[in-house]
Amino acid sequence: MRGRVYGADHDDPDPGPQPGHVYRELVGGPLDGLLLDVTGCSESELEEGAALITEIGAYGPGGRALYAPRPADPHRWDWGGDVP
């Protein structure tokens, strides 16, 4: 798996996935293409998805982008919109 991990610093020399971690790919919306580290999340947490803080969504700094698992492919999480 390749790509940048959500939450990695822009100046991080290795912003990609780390060995031993579990990731979900974010699809669509402001965080499209990023990987979300879900290491240690419970099955119920994985089923719920996440509201991820982003500065580049519809509500600017402090807004959140909603992502939920794709029914046919739960390793890919689809964007469901932005919230304040």
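1. Burial comes first. Of the 84 residues of the protein chain, 29% count as buried, where buried means under 20% relative accessible area, exposed means over 50%, and partly exposed covers what lies in between, with a 1.4 Å probe and protein chains only. The accessible surface of the chain comes to about 5,300 Å², and 53% of that belongs to carbon and sulfur atoms; these areas come from the Shrake-Rupley method with a 1.4 Å probe, and for residues only the protein chains shown count as cover.

2. A word on what you are looking at. This is a predicted model, in which local features need pLDDT of at least 70 and side-chain atom pairs count only at pLDDT 80 or more, while totals for chains, interfaces and linings use all residues. Residues are numbered from 1 along each chain as its sequence is written, and side-chain values use heavy atoms, with hydrogens and water left out.

3. Now the overall dimensions. The radius of gyration of the protein chain is 12 Å, which agrees with the value near 12 Å for a compact globule of 84 residues. That radius is taken over C-alpha atoms, and the globule rule is 2.2 Å times the number of residues to the power 0.38. Along the principal axes, the C-alpha atoms fill a box of roughly 35 × 35 × 20 Å.

4. The chain has one helix and five strands, and from the N terminus on they run β-β-α-β-β-β. Helices (H or I, at least four residues) and strands (E, at least two) are DSSP runs, numbered from the N terminus.

5. β1 (residues 23-27) runs parallel to β5 (residues 73-83), and three bridges join them; two strands pair if DSSP finds at least two bridges between them. β1 is also joined by three bridges to β2 (residues 35-37), this time antiparallel. Glu-25 shows both sides of this: its bridge partner in β5 is Arg-76, and its partner in β2 is Leu-35. Leu-26, for its part, is bridged to Trp-77 in β5. β1 is mostly covered, with four of its five residues buried.

6. A hairpin of two residues joins β4 to β5.

7. Leu-35 and Arg-76 are 41 residues apart in sequence, with 9.3 Å between their C-alpha atoms. Pro-17 sits in the segment before β1, and the C-alpha atoms of Pro-17 and Leu-35 are separated by 7.7 Å, although the two are 18 residues apart along the chain. Pro-17 is partly exposed, with a relative accessible area of 21%.

8. Which residues does Arg-64 touch beyond its neighbours within four places in sequence? Arg-64 is in contact with Ala-51, Leu-52, Ile-53, Thr-54, Gly-81, Asp-82 and Val-83, where contact means heavy atoms within 4.5 Å. Arg-64 has its place in strand β4 and is partly exposed, at 32% relative accessible area. By contrast, Asp-11 lies 53 residues from Arg-64 in sequence and 23 Å from it in space, C-alpha to C-alpha.

9. Two totals for the whole chain to finish. Among contacts with a separation of 6 or more, 35% are between residues 24 or more positions apart. The mean positions of the 6 positive and 15 negative charges are 5 Å apart. Here Lys and Arg count as positive and Asp and Glu as negative, with His and the chain ends not counted; the place of a charge is taken as NZ of Lys, CZ of Arg, CG of Asp or CD of Glu.
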